[in-house]
Amino acid sequence: MCGIAGTIDFTRDVRELSDLPGRMAQALTRRGPDAEGVYQDACALLVHRRLIVVDPEGGSQPMTSPDGNTVLVYNGELYNTDELRRALTDLGHRFRGHSDTEVVLHAYLAWGCKAFGKLNGIYAFAIWEKDKRRLTLCRDRLGVKPLFYARRGKMLVFGSEQKAILCHPEMRAQLDEDGLRSILLLGPARPPFSGVFHGIRSVTPGQYLVFDESGLDYQLYWKLTAKEHTETLDQTIEHTRFLIEDAAKRQLVSDVPLCTFLSGGLDSSILSMLAAREMKNKGETLHTFSVDYRDNEKYFTKSIFQPNSDSAYIQTMVDAIGSTHHTVVLEQDELARALLDATEARDLPGMADVDSSLLLFCKAVKDAGFTVCQSGECADELFGGYPWYHREEILFEDCFPWSRSTALRQSLLHDGLIRDGEEFVRAHYACTCQSAPKLDSDSPKDARMREMFVLNLQWFMATLLDRKDRTSMYSGLEVRVPFCDHRIVEYAYNMPWSMKALDGREKGIVRKAFENDLPEEITWRKKSPYPKTFSPVYTQIVADALREKMHDKTSILPQFFRWDVLEDLMEHPNDLPEPWYGQLMRTPQIFAYLLQIDHWFRTYDVELI
């Protein structure tokens, strides 16, 4: 994995921006700590920071075509590299190394933009063609890898992260009304096309852009389609198993040490089992990692979202697959301090300590000597793992199920700060539902399940993928997510709910597909999310810090938030009727999110416009 950035400008010689390559590269150093490369001509600047995973010698970037005309900077990993290389070799292409970067470049030379639909992987890349004076940006189908851009007339600047774009002298960290609404009413989610900062947009999943002197053209090369599911239950079970196994195996390719995250839940257990089996065949032992918090067993509180703790289930899996296991135990004070680093990693206020814990966890995995890891994200969104899929009073509510009302958020804000807030949130929700492809034969519940799938795909899953990429790449750790294989997504979208929720269980079809490979208590364990801290020590730390900020005249927080409401929340932290966002963001995480807002405004010198 890597970091990419650059600019195309048809109005001046970009080489005059002498300090821009260095500033962009510096901004992305954490994404690519191993090497740096720059390409420049009169119109184009392409910057690359590299994290070496495959082909250390042959994968250097920017990579130029044999004729010197086409230049590629690439962040990602292809999982069908060998198949594509064989097809391209048959067409007469010759390769200098074995990197997937070279395969992407030659695929574009052979097939143009039609190549994008042939790629299986996670990626974001930029291609500059000198003769046509044309830039093409492309992002993977599920948006696992980030890619942002900003256009100013005949100038375009892009980057893996917003901070790289802000290095350009014409870009400023500004927040307009929609951006403020996103931070305060949708956050930590953001609209799929939005970079939140004024003028910065995100290339959406499955999209590519072409920029030349005539303008900017947007195209989708992938989207969901609704189809009849024609397979029997037994065929569906077998097909589900094949897709997951194939995706997991493809994503074990690496020239550097690889491990897995293991929580003792179904998804990470499947991936760890498959990885351990594959590595055992090579005479190697899998290393697995889990995260916990000091004194968490003492303070753990059971809820509908988190019915049990992980430790006993982790040990069951470790014993079953024979992995070498590592438990990373986080302290409450370092968790709070890392809220600031997590904000800078994400370039935005994020999922509070859910982000900072993952950032610290990933750093520990990297420090242990690993560069690549597999993680079980996205199975819940695709196979109905969350309570909002199963509780019909939530399922048919006409709102985002993980953030069901803006009432709590609005109650914290000063009157008049946000205009038309409810309408803003509602418009995004309704537009997403309307975009869900359906069949005329769908029952009302089937149709709603399709809407719920797309809502989760474009919003909740996107937030988790953003969190995973930014907090892991902050320490130069590449995390792969096999359940995000687009073939699995396409198949799951059209699977009847009765099969998906087989036996009335969340992810029932996945459980059935792997029931003979896992210990029974793992197969049928109730879904439990990423672990969070339950310690009152952490709550006190973030409450005290927020109290200080709310009485600090240099902080933005008193301009936005009502101290009387926050103070009442501090005195009655358990009175919150439902999470702020998702399953894990409750009262301590609200305080932490506000601290991230304060740090974001200060660090990025954000200007309200």
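Colleague: Buried means under 20% relative accessible area, exposed over 50%, partly exposed in between (1.4 Å probe, protein chains only). Is Thr225 buried, exposed or partly exposed?

Modeller: Thr225 is partly exposed, at a relative accessible area of 38%. One caution: this is a predicted model, where local features need pLDDT of at least 70, side-chain atom pairs count only at pLDDT 80 or more, and totals for chains, interfaces and linings use all residues. Residues are numbered from 1 along each chain as its sequence is written, and side-chain values use heavy atoms, without hydrogens and water.

Colleague: Where does Thr225 lie?

Modeller: In the loop between β13 (215-220) and α6. Helices (H or I, at least four residues) and strands (E, at least two) are DSSP runs, numbered from the N terminus.

Colleague: What is Thr225 in contact with?

Modeller: Leaving out neighbours within four places in sequence, Thr225 is in contact (heavy atoms within 4.5 Å) with Pro437, Tyr493 and Asn494.

Colleague: You mentioned α6. Which residues does helix α6 cover?

Modeller: Residues 233-250, with Thr240 in that helix. Thr240 is buried, with a relative accessible area of 2%. Not counting residues up to four places away in sequence, Thr240 touches Phe383, Tyr491, Met495, Ile509 and Val510.

Colleague: Step back a bit. Which domains is the chain divided into?

Modeller: Domain 1 covers 2-220 and domain 2 covers 233-524. Those bounds come from an automatic or database domain assignment. The domain centres, taken over C-alpha atoms, are 26 Å apart.

Colleague: Which three residues supply more of the area that domain 1 buries than any other three?

Modeller: Tyr79, Leu142 and Leu185, with 19% of what domain 1 buries against domain 2.

Colleague: New topic. Where does UniProt place a binding site?

Modeller: An unreviewed UniProt entry puts "binding site" at Val291, Ser375 and Gly376. These residues span 86 residues in sequence, yet no two of their C-alpha atoms are more than 14.2 Å apart, so they gather at one spot. UniProt positions use the numbering here, feature names are shortened, and annotations may be inferred rather than shown by experiment.

Colleague: Start with Val291. Buried or exposed?

Modeller: Val291 is buried, with a relative accessible area of 9%. Strand β15 (residues 287-293) holds Val291. Beyond four places in sequence, Val291 contacts Val328, Leu330, Phe361, Tyr530 and Pro531.

Colleague: And where is Ser375 found?

Modeller: Ser375 is in the loop between β17 (372-374) and α12 (379-383). This serine is buried too, with a relative accessible area of 4%. Leaving aside neighbours within four places in sequence, its contacts include Phe261, Leu271 and Lys468. Val479, Arg480, Val481 and Pro482 are also among them.

Colleague: What does UniProt list Asp100 for?

Modeller: "Binding site", again in an unreviewed entry. Asp100 is found in helix α3 (residues 100-111) and is buried, with a relative accessible area of 7%. Aside from residues up to four places away in sequence, Asp100 touches Tyr74, Gly76, Glu77, Leu78 and Thr81.

Conventions: Buried area is the accessible area (1.4 Å probe) that two parts lose on being put together, summed over both.
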